[in-house]
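Hi everyone, thanks for coming.

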Amino acid sequence: MWWMMGEAGGHYCSKKTDSICGGVCSQETGRFFSFSRLCCALRGVDMKTYIFLLVIVPTCVLAGYIHGQKISYFLRPLWESPPKPFHDIPHYHHENASMETLCRLHGWGVRDYPRRVYDAVLFSNELDILAVRWRELYPYITQFVLLESNSTFTGLPKPLVFAAHRGEFEFVEPRLTYGSLGGRFVKGQNPFYEEAYQRVALDQLLRIAGITDDDLLLMSDVDEIPSRHTINLLRWCDEVPKILHLRLKNYLYSFEFLVDNKSWRASVHRYETGKTRYAHYRQSDEILADAGWHCSFCFRRISEFIFKMKAYSHNDRVRFSHFLNPKRVQRVICKGADLFDMLPEEYTFKDIIGKMGPIPHSFSAVHLPSYLLENADKYRFLLPGNCVRESE
């Protein structure tokens, strides 16, 4: 065997070995080029390992990037326990039953006169659902309180939409307390901080509206609509809980897609000066069954869907720009799928698997807000069988 020693000494090159490895041996230095050394190092690696390193690993990394959020949500039962169950209060109602009978069935007394009721909301751009809400509640609300900001929770500038369309709500004008709030436009701030800031401002607006102790205060988002008979029951009955959550039927995009009956964030409070604070989280264990409707992302126009996707507190769910493509948004709506391509937010594998995939279509329009049915032509996009939205 012929050997060659390099100038530096200590580095040897075998022509035979060099040939096997496919490298090149320098006649002057006796050193292998980098490619030759790498080739020799990988000489014993078989084809399966090459496939694993060059195909399987990059594929797994890409899948984790695209579907990481899904994986996290699916594994949620492993790292998060379900919240404490509510104490469900059965809800009794019939239009021909007396208020005394209904209050007694709930275990409450009946008052000599009804409490005053204040309905307070933060408003973004939900004009259609606001009209349905206020028409539903109108007979029993003492004062409608609405606050809007010129910025979204995510710090994006927005017009004062309600102010521009206030004339469309003349029917509530004598009972309306309206306020506007300048956004802080803090770049990179957690959206929930801006949301909390606006809810604190709503407390001040309620005081301006004249709320006093023992008045009922309805805390809910615009699209969380209590039924009018629920509010009438609570204003007439005595001894109702000081803080009572409302269990609402949970819809997505329209009243065609019934998700479940688990919407719980809406609540009714017997107001206490210095103690009651406007909030949108769990504040008690008591909840009244079948108390209304929650219609999330129930918009007339595709542009309104896209605006909310970018504007609301969970805008981080828009992981890819194509999520905002108008044609994709339209397809998702008609399919009853998730706009953010997410798995259900549940706490057990059974519930997650049971809700995976598109929401089944419902063709029932029974027990919906009366104003919606009385104006079906105007609000047809909210009724079953009408998933196609206006492009502008």
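**A pocket, a core and a helix**

Let's start with the second largest pocket: the largest share of its lining, 4 residues, comes from α9. Before going on, this is a predicted model, where local features need pLDDT of at least 70, side-chain atom pairs count only at pLDDT 80 or more, and totals for chains, interfaces and linings use all residues. Residues are numbered from 1 along each chain as its sequence is written, and side-chain values use heavy atoms, with hydrogens and water left out.

Helices (H or I, at least four residues) and strands (E, at least two) are DSSP runs, numbered from the N terminus. A pocket here is an open set of points on a 1 Å grid over the protein atoms alone, where a 1.4 Å probe fits, with protein on both sides within 12 Å along at least five of seven lines; lining residues have an atom within 4 Å of a point.

Of its 23 lining residues, H93, S227, H229, W293 and H367 are the closest to its centre. At least two lining residues come from each of α5 (99-105), α9 (228-236) and β16 (292-296).

Next, the inside. The largest nonpolar core has 52 residues, and W134, F169, L246 and L382 have the most contacts inside it. A nonpolar core means buried Ala, Val, Leu, Ile, Met, Phe, Trp, Tyr and Cys residues joined through side-chain atoms within 4.5 Å. Buried is under 20% relative accessible area, exposed over 50%, and partly exposed in between (1.4 Å probe, protein chains only).

Now helix α8. How far apart are its end C-alpha atoms? They are 27 Å apart, which agrees with the 27 Å that its 19 residues (191-209) should span at 1.5 Å a residue; the expected span is 1.5 Å times one less than the number of residues. The buried residues of α8 include P191, L202 and L206. Those buried residues pack against β5 (117-123), β6 (143-149), β7 (176-181) and β8 (216-219), with contact meaning heavy atoms within 4.5 Å.

Most residues other than glycine have a negative phi. D214, though, has a positive phi near 75°, and D214 sits in the loop between α8 and β8. F297 also has a positive phi, near 55°. Is F297 buried or exposed? F297 is buried, at 5% relative accessible area.
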